[in-house]
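The report below describes how two ligands are held by the protein around them. Please read it alongside the sequence and the structure.

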Amino acid sequence: MVNFSLEGKIALVTGASYGIGFALASAFAEAGAKIVFNDINQDFVDRGLAAYKEKGIEAHGYVCDVTNEEQVNAMVAQIEKEVGKINILVNNAGIIKRIPMHEMTAAEFRQVIDIDLNGPFIVSKAVLPSMMEMGAGKIINICSMMSELGRETVSAYAAAKGGLKMLTRNIASEYGKYNIQCNGIGPGYIATPQTAPLRERQADGSRHPFDSFIVAKTPAERWGTPEDLMGPAVFLASEASDFVNGHVLYVDGGILAYIGKQPQ
Ligand code: NAP
Ligand code: GCO
């Protein structure tokens, strides 16, 4: 019997007050997991807790900046004390800065790398010892189309997400012997606050050019939704994927496979 259930598991999803993280945590709860999440300030954590409660999910929320190793280690210790050892980690927290590279400061570049790549390293390192002790664990890194492709203005983000793909493969290589699987999810273009600027209506009411571009580049002819990612995440968090390791599962409506629609 294939086991997609997460009953009895504890899942930590970083940056999950809303957006993709919130959808993934909700899917894990539906599959039976206990939900733990963090966000960068109490206001977002409180909003997240209320949103989970509205869905009937009793989540545990913590204020923690994933780039701060001391805060992360303290949060994981507190989770283990208050909830239990973490079976599933989703490194979801992330930012993007859309700035032409020749105009981007080194500090701006570093900030994106710090949150999108150093953060997953720090949080994964914090949960690995207990997973090694338990002889099982799932780490899922939220990668991106930019783990494979570049585009104007996202140099820092692409460098971080490309690095996150290789960090995923390295954790898989180093910890597979402990029955810990580390995989990535590579969402396509998903309608969340992070991509809202790319979908804004123009002054004349027309679609944002990038919006039209993405719809033409996607065989599914639509933006993805956080809900599109829920099934793939439950699969990678469950025992059904125990022999899947070091893989990045692209959930992109076919963008990476498609040359794009011929302009009319
Ligand atoms: P989002 O709506 O901007 O949400 C990002 C979340 O991360 C927010 O809750 C944010 O909290 C949190 N966060 C940011 N910096 C943090 C830090 N230092 N410590 C803790 N939490 C932090 O983004 P999203 O669209 O849901 O994306 C979630 C993940 O999916 C990101 O890794 C993103 O790169 C990736 N992704 C998104 C898309 C897409 O099209 N949307 C596609 C591929 C991959 P605050 O609000 O408090 O800052
Ligand atoms: C951008 C978008 C993308 C998406 C996502 C695609 O400006 O190109 O924000 O980077 O967020 O990462 O997979």
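## Ligand surroundings

The largest pocket is the space taken by ligand 2, a pocket being an open set of points on a 1 Å grid over the protein atoms alone, where a 1.4 Å probe fits, with protein on both sides within 12 Å along at least five of seven lines. Ligand 1 also sits in the largest pocket, where sitting requires more than half of a molecule's atoms to lie within 2 Å of the pocket's grid points.

This is a predicted model, in which local features need pLDDT of at least 70 and side-chain atom pairs count only at pLDDT 80 or more, while totals for chains, interfaces and linings use all residues. Residues are numbered from 1 along each chain as its sequence is written, chains are lettered from A and ligands numbered from 1 in the order in which they are written, and side-chain values use heavy atoms, with hydrogens and water left out.

Polar contacts (pairs of N or O atoms within 3.5 Å) are listed here.

| Ligand atom | Protein atom | Distance |
|---|---|---|
| ligand 1, oxygen | Asp39, side-chain N or O | 2.6 Å |
| ligand 1, oxygen | Ile190, backbone N or O | 2.9 Å |
| ligand 2, oxygen | Arg151, side-chain N or O | 2.6 Å |
| ligand 2, oxygen | Tyr157, side-chain N or O | 2.7 Å |
| ligand 2, oxygen | Gln194, side-chain N or O | 2.7 Å |

Taken alone, ligand 2 exposes 330 Å², of which the protein buries 96%, with areas from the Shrake-Rupley method and a 1.4 Å probe. Around ligand 1 there are 28 residues (each with a heavy atom within 4 Å), and Tyr18, Asp39, Asn92, Tyr157 and Thr192 come nearest.

Key:
A polar contact is a pair of N or O atoms within 3.5 Å; within protein, one must be able to donate a hydrogen and the other to accept it, and residues adjacent in sequence count only if both atoms are side-chain atoms. On a 1 Å grid over the protein atoms alone, a cavity is a set of points where a 1.4 Å probe fits but cannot get out, and a pocket is an open set with protein on both sides within 12 Å along at least five of seven lines; lining residues have an atom within 4 Å of a point.
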